[in-house]
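Colleague: I'm new to reading protein models. Could we go through this one together, one question at a time?

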Amino acid sequence: MPTQQFNVNGQAVSVEAPSEMALLWVLRDKLGITGPKYGCGVNVCKACTCLVNGRAVQTCVTKVSSVAGKQVTTIEGLAANGQLHPVQQAWLEMDVPQCGFCQPGQIMAAVDLLKRTRNPSDADIDAIENMCRCGTYGRIRAAIRRAASLMA
Amino acid sequence: MNDDTRSPDGPEAPPATLNRRGLLQWAAATPAATAALGLGAAPATAHALPLPLTPPDTVDLYDVADSITQTAAPTMPLVRLALGADGVYRFDMPRLEQGTGIATALAMMIAEEAGVPLSKVQVSSADAQQELVFNQITGGSSTIRSFAPFIPALVTAARARAGLPPQAGTPRDPAQFKVIGRRTAKLDALDIVTGRKKFTMDLDVPGAVPTMCRMPSQMRGTVLSVNNRPQVLAMPGVLAVEVIPRGGAVVGIPPGVAVMAETFGEAWDACNALDITWGDGPMRGESDASIFAKLRAAIPPLLPAPLGTIAIDAEFTWRAATHCPLEVECAIVDATRPDRAEIWAGMQTPIVAAQSVALELGLLPTQVKAHVIPSGGAFGRRLFWDPVQVAAQISRKTGLVCKLMYHRSDDIRHTRQRPPQVHRVRAAVVPPTLLLPGKVLSYQQSIGAVRLDARHGYGEIGTALGGALPPLVAQTVGNLGYEEFFFKTMVHSPYHFGLSNKLLFPLALDMPTVSYRSVHIQPARTVEEIIVDEIAARLGKDPAAFRLEFLRLPRAKAVLQRVAGAAQWGKAMPPGFAQGVAVHMESRSFSACVVELDARDPARCQVTRVTLAIDVGRPINPSGIEQQCHGGIAEAISLVLKTGLTIRDGLPQETSYNQYTFARMRDFPKQVQVIVMPDLGEPPAGMGEVAMSAPAGAIANAYARATGRKPRHFPLNAQPVFTPVPPGQLPAVPAFT
């Protein structure tokens with residue numbers, strides 16, 4: 001079985017996995033990194049969203065071989081040096097989560113959006129497709145705005 | 001003005017004979033007004049009073065959460081609350097935290113009672129405790145109501161065990177509360193935003209093997225043969241391929257073929273590679289049209305409207321709905337040893353889950369340990385334990401610990417659904433004359449719904465088996481009894497509509513169903529709120545003014561008055577837009593909602609603004625209450641406008657959120673205001689399910705006002721066109737990026 005080498009949350013990893021395997025299963029089932037969630041497997045719910053080289057990707061449709069040598073950031077690696085990321089801070093201030101299952105993906109999508117635009121418009125936020133069955137959308141919108149101001 | 005219409009210290013109530021303009025003027029003139037709480041009294045109309053509700057509504061006095069509270073009460077002393085030497089109260093909560101915030105709210109109640117800060121209360125999720133009997137079911141919006149009366153005794157007992165005297169000085173006046181009533185972040189918020197919160201599939205149970213299934217070509221179809229087992233067993237990472245055994249102690253074990261592999265990715269690939277010959281299920285040949293035809297036929301004729309009255313007749317259809325929690329059906333079961341089993345899963349009824357799995361494995365109930373893992377949503381779905389049954393059988397057959405996860409497509413197609421239903425209504429209205437304003441003489445609503453599986457009973461084996469005799473038959477006298485009891489103790493009317501009745505006629509189709517957030521209430525009450533608007537129109541009255549006149553209870557009027565003011569009810573709206581209003585009571589909570597709807601394209605309506613006032617009695621955590629209201633709004637948008645299941649030849653066609661289009665960010669209004677009514681000393685009421693119906697009614701009514709079309713068949717918006725995943729298959733692993 002081929003060895004896949006990449007970097008997760010600042011750590012170099014080397015893992016035996018078929019090249020075709022989705023990154024999500026390598027993270028969850030081989031590396032025990034469970035922040036990214038399975039919700040659909042077909043790039044629809046976005047609960048598996050992580051960052052690869054700083055940009056959001058859906059790990060359920062990302063071949064592990066495609067991240068060779070790249071930096072993968074999961075929710076577990078977002079708080080650098082024990083300091084919460086401003087998006088996490090805003091999430092806490094706005095008390096966003098209900099059940100919490102989709103929230104790692106929501107937070108990673110928000111981090112990505114704020115990297116792309118410092119002051120996202122309503123339309124930018126509307127374009128986030130991450131599913132939340134509990135209905136936290138209103139607070140996510142408020143938390144993204146709050147995070148934008150924290151990061152300004 | 002009659003004194004009754006003046007609150008002791010608030011502004012005046014709206015004039016009784018409101019037209020829309022009058023109400024708007026009142027709302028605009030009294031912005032604060034809306035502090036007009038408990039205004040109470042019936043409007044002193046100069047006209048005919050509404051006819052009292054006949055028979056009186058017993059749900060006002062006794063409802064399903066009362067029944068859960070009553071049955072839970074005897075074992076409340078066995079609930080574990082301990083005070084440690086470190087001054088921390090540790091509460092082993094015998095309920096499932098599914099995202100509704102009960103753990104936080106109960107911790108707040110304990111902290112307030114004990115006189116400690118919230119940081120001195122820790123909450124864990126109790127394993128199935130069989131000695132609790134009926135006191136470990138999470139449902140019916142009952143948790144806070146069931147615990148509220150017992151918190152003082154639990155704290156006293158915890159202190160006694162720690163050698164301390166009973167607590168003293170616990171405030172009883174809301175103004176003195178230090179914890180209750182303050183906006184409080186969820187206890188697990190930090191764990192959630194850092195990815196530390198562990199759901200069932202995140203647990204590191206030693207030896208647990210990823211397992212996925214292929215499920216039949218029809219709901220509860222059968223497996224006739226697996227035609228390429230050796231080839232699939234030879235695939236990379238695959239450890240086992242097993243047909244799920246038939247049978248079941250309380251409810252049937254879901255049929256299918258399970259694959260165990262080193263990773264879920266390999267299990268899914270192997271599932272896709274299976275060549276299976278499927279047999280029919282009990283829903284063979286049934287599609288939406290045939291099901292709705294049977295449901296219509298199940299409803300007896302309504303009584304004719306009396307001479308001299310106008311009959312307002314209407315028929316409504318609600319398609320089946322799937323709970324679709326983000327966390328799919330899943331469970332870990334270790335049944336590898338002959339004399340014991342251990343379960344890890346999100347379970348709303350863990351006691352009966354463990355007991356029935358014990359029966360299915362030939363074990364004693366005491367030989368099964370069940371760990372309740374906080375779940376990624378549930379919405380009623382996890383009142384049954386289908387994945388636990390499957391995982392137990394597969395673990396027993398293979399000798400491996402089974403970590404079972406459904407594919408999303410099977411989570412939609414092969415779990416359990418809210419029953420599809422037809423509602424038929426006839427309201428008899430005495431038309432207005434020059435001298436009299438008109439009134440509602442009677443209101444009949446008859447519901448034909450596919451039978452609701454309620455064989456979970458009160459969460460333990462006795463009441464479950466009582467509902468399941470004879471075994472494995474979908475509709476039994478026992479199940480019918482539960483179903484009608486739940487209906488009659490949940491669904492009621494806030495209005496004085498004379499001779500008023502709602503009746504449920506369950507259709508014994510063998511379709512997998514289960515309670516869905518608010519069970520029968522949301523569809524039934526949404527229908528009634530639509531008819532209320534149509535009656536008001538017949539009587540020439542403004543919808544809000546009409547409701548104020550006909551609402552039975554002061555707290556219902558108070559939330560309506562509050563919301564009408566805050567939302568500027570009656571304001572001018574641009575063409576294609578409209579406001580809609582609705583009022584609701586459920587589980588002792590009162591809510592009223594005004595929405596604004598953009599219906600310029602009637603096939604793609606968008607809710608643009610929601611104002612929701614809610615009276616939950618004593619508000620424990622206003623932040624959590626607001627969250628549940630947001631959830632209710634998302635749910636209402638989804639069920640009324642956006643989505644429902646399409647059943648064709650015994651199988652739902654939808655397989656993910658791009659086909660079952662539950663609301664996303666772009667569907668959720670940017671203006672949402674939730675007004676939590678202040679604590680006036682009423683006991684805490686239900687919350688988890690109660691905030692769906694007022695928004696649902698308001699959206700439907702706004703649709704009618706904006707488009708001139710009568711909302712009758714839900715969902716109202718155009719549905720996505722898609723090519724379904726073929727029956728009995730899983731979606732292909734998509735093209736990788």
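Modeller: Happy to! One term first: two strands pair if DSSP finds at least two bridges between them. Keep in mind, too, that this is a predicted model.

Colleague: Which way do β21(B) and strand β24 of chain B run, parallel or antiparallel?

Modeller: Pairing needs at least two bridges, and β21(B) and β24(B), residues 671-676, are joined by six. As for direction, the two strands run parallel.

Colleague: And how many bridges join β20(B) to β21(B)?

Modeller: Here the strands run antiparallel. S591(B), for example, has I614(B) in β21(B) as its bridge partner. The number of bridges joining β20(B) to β21(B) is nine.

Colleague: Why is strand β21 of chain B said to be largely enclosed by the rest of the structure?

Modeller: A residue counts as buried when its relative accessible area is under 20%. Strand β21 of chain B covers residues 606-615, and it is largely enclosed because of its buried residues, which number eight of the 10.

Colleague: Is V595(B) buried or exposed?

Modeller: V595(B) lies in strand β20 of chain B, residues 589-598. Beyond its neighbours within four places in sequence, V595(B) is in contact with residues including V607(B), R609(B), V610(B) and I699(B). Its relative accessible area is 0%, and the cut-off is under 20%, so V595(B) is buried.

Colleague: Now to the two chains. How many residues of chain B are in contact with chain A?

Modeller: On the chain A side, 56 residues take part. Between them, the chains bury about 4,900 Å², with 62% of it on carbon and sulfur atoms. The number in chain B is 63 residues.

Colleague: Which residue of chain B forms a salt bridge with K37(A)?

Modeller: The chains share six salt bridges. In the one made by K37(A), the closest N and O atoms are 2.9 Å apart, inside the 4 Å cut-off. The partner of K37(A) is D202(B).

Colleague: Where does the largest share of the side of chain B that touches chain A come from?

Modeller: Three helices of chain B, α6 (189-193), α8 (264-273) and α18 (622-642), each supply at least two residues of the side that touches chain A. By class, that side has 29 nonpolar, 20 polar and 14 charged residues. Its largest share, eight residues, comes from α18(B).

Definitions and conventions: Residues numbered from 1 in each chain as written. Chains lettered and ligands numbered in written order. Predicted model: local features only at pLDDT ≥ 70, side-chain atom pairs only at ≥ 80, totals over all residues. Heavy atoms only, no water. Contact = heavy atoms within 4.5 Å. Buried area = accessible area lost by both parts, 1.4 Å probe. Salt bridge = Lys/Arg side-chain N within 4 Å of Asp/Glu carboxyl O. Helix = DSSP H or I, 4+ residues; strand = E, 2+ residues; numbered from the N terminus. Nonpolar A, V, L, I, M, F, W, Y, C, P; charged D, E, K, R; others polar. Buried < 20%, exposed > 50% of the residue type's maximum accessible area, 1.4 Å probe, protein only.
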